[in-house]
Amino acid sequence: MTADGGDGAVRRFLDGHRQEFLRELGDWVRIASVSSEPGHGMDMLRSANWLTGRLREIGFPSVELWQTEDGAPAVYAAWCAAPGAPTVLIYSHHDVRAVRADVWGESLPFEPQVRDGMMYGRGASDAKGQVLAHLWGLRAHLATSGLGAPPVNLKLLVEGEEEIGSPHLAALLDDHRDELGADLIMLSDTLLWSLEAPALCTGLRGMLSARLEVFGPYRDVHSGAVSGVAPNPCAELCKLLAQLYDERGRVTLPGFYDRVVELSPQERDAINALPYSDADWLERTETRTVGGEDGYSVLERVWTRPAVDILAFVGGDPDGPSRGAIPSVASVDVNLRLVPEQKAAEAAEQLKTWVAERIGDKVAYALSISLDAAQEPYRTPPDHPALDALGRAMERGFGAPVAGWMRNGGSGPASLLSGALGAPVIFFGTGLPQDRWHDSDERADIDALLKGSATMAFLWPELAETLTGGQAGPSRAQAVHKTPSP
């Protein structure tokens with residue numbers, strides 16, 4: 001079968017099964033697999049069992065439900081019928097973020113709706129839609145190639161705790177190291193740049209979370225009785241957090257940038273080759289304005305530079321009428337985004353030092369840091385030949401040239417997976433910046449899902465050819481953009 005004929009057949013298969021794809025995704029989205037709330041324990045089990053059934057229907061000969069002690073269920077599947085071919089492990093997750101239904105104004109979180117080319121619902125994009133894109137990509141490949149099994153050895157690990165920091169993933173990897181062995185890992189919980197200008201994702205940032213509680217009076221005290229004299233924990237937190245960034249937009253934690261490596265000219269050019277405008281970025285992300293560190297483009301800042309953000313600030317009477325009292329305690333949740341070469345444990349010590357040196361002496365405080373749930377940054381080896389195969393598959397799947405490189409500003413367990421299993425990680429997902437991950441009215445672009453499915457259909461034979469014998473040519477990550485000659 002010619003490449004054009006094969007490409008056309010894959011697209012016709014996916015277009016012809018579009019409604020079935022959406023029905024399946026809707027069925028899965030209706031299962032409220034919220035990992036952060038204990039009351040959804042049975043939903044987590046239903047979600048995992050839904051996926052195991054679908055994998056068996058597609059033809060995976062080995063499908064298992066894995067449970068860790070006190071953890072949510074994970075799904076493992078293997079289809080290893082290609083002796084001598086590479087083994088690829090696909091990683092993703094089936095749990096979703098908690099919702100506040102009262103702020104979902106365009107849909108209800110677990111009642112999926114399709115309109116204007118989008119499917120709305122919690123998990124439609126992050127990450128149930130991405131998992132289904134893999135399944136339908138495999139279906140499309142098998143249906144159009146005439147083969148009875150994938151041309152590479154495929155394994156899937158779809159866990160149920162990614163949205164709470166994957167606290168049991170390390171134990172799961174340790175317990176099942178033999179089953180999960182692979183030559184290559186694909187992390188499928190990432191964003192695309194755009195459908196018209198697909199980009200190769202070559203890494204992601206790490207994450208470290210912390211909570212700082214500041215204590216003032218021993219109890220909430222009527223402000224009229226002690227105002228101007230009593231320590232105010234909200235005011236102390238505000239003064240402290242105002243020192244978090246300097247006038248250049250750089251984080252002021254001591255030593256925070258010591259390990260940060262500047263981009264090579266090649267990678268910087270490849271990132272900034274992507275079509276970008278402030279107007280488009282602000283419309284897609286709904287972020288109002290652009291800020292950040294001086295000397296770097298917006299995409300460099302969000303993908304390749306470290307940052308610290310405040311995700312929650314609680315003190316006094318956040319709900320209901322004010323009692324007119326100075327609060328006894330205020331707290332803030334802090335999120336550190338780390339880049340390759342930075343270490344979560346070192347960043348934790350830097351945060352401890354920063355707080356101790358700068359907080360006022362009229363209050364007490366407690367700083368708790370979630371090192372167990374920290375995720376280290378990761379970057380794919382830039383010369384790995386799998387990037388070449390992925391680049392070709394994306395060009396066929398999206399019908400457009402690979403426009404450049406990107407990374408993901410978010411985090412994931414790529415470093416943990418690579419270290420535990422001894423294999424490199426590549427990235428491919430079908431999310432878009434405008435999909436509203438973790439927010440109300442989450443949605444998935446249906447064309448992105450189907451083009452992602454087509455990309456996966458094309459990737460498996462590309463990988464089989466690229467990674468099995470022969471001399472691989474220069475990787476797509478190296479060849480897409482060259483540094484301009486002076």
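Predicted model: local features only at pLDDT ≥ 70, side-chain atom pairs only at ≥ 80, totals over all residues.
Two strands are said to pair if DSSP finds at least two bridges between them.

**First stop: a three-stranded sheet**

Select strands β15, β8 and β16, which form an open sheet in the order β15-β8-β16. The pairing within this sheet is mixed. Residues 378-379 make up β15 and residues 404-408 make up β16; these are the edge strands, and each pairs on one side only. Next, colour residues 199-204, which are strand β8. Strands β8 and β15 run antiparallel and are joined by two bridges.

**Second stop: the second largest pocket**

Now select D372, A373, A374, Q375 and L416, the residues that lie nearest the centre of the second largest pocket. The pocket has a volume of about 280 Å³, and its lining consists of 16 residues. Helix α14 gives the largest share, three residues. By class, the lining comprises nine nonpolar, five polar and two charged residues.

Select residues 385-398 for helix α13 and residues 446-467 for helix α15. The two helices pack at an angle of about 145 degrees, and their axes are 7 Å apart. The crossing of α13 past α15 is right-handed. To display the contact, show the residues on both sides: from α13, these include P385, A389, M394 and F398, and from α15 they include K451, F458, E462 and L467. Twelve residues of this contact are nonpolar, four are polar and four are charged.

Finally, move to helix α2 (residues 18-29) and helix α4 (residues 128-145). Here the packing angle is about 145 degrees, with the axes 10 Å apart. Helix α2 passes α4 in a right-handed crossing. On the α2 side, select E20, F21, E24, L25, W28 and V29; on the α4 side, select K128, G129, V131, L132, A133, W136 and R139. Which classes of residue make up the contact of α2 with α4? Eight of its residues are nonpolar, one is polar and four are charged.

Conventions. Residues numbered from 1 in each chain as written. Heavy atoms only, no water. Axes fitted to C-alpha atoms, helices over the stretch in contact; angles between N-to-C directions. Helix = DSSP H or I, 4+ residues; strand = E, 2+ residues; numbered from the N terminus. Left-handed = near helix turned anticlockwise from the far one by under 90°. Contact = heavy atoms within 4.5 Å. Nonpolar A, V, L, I, M, F, W, Y, C, P; charged D, E, K, R; others polar. 1 Å grid on protein atoms, 1.4 Å probe; cavity = no way out; pocket = protein on both sides within 12 Å on 5 of 7 lines; lining within 4 Å. Points joined across faces, edges and corners; volume = space filled by probe spheres on them.
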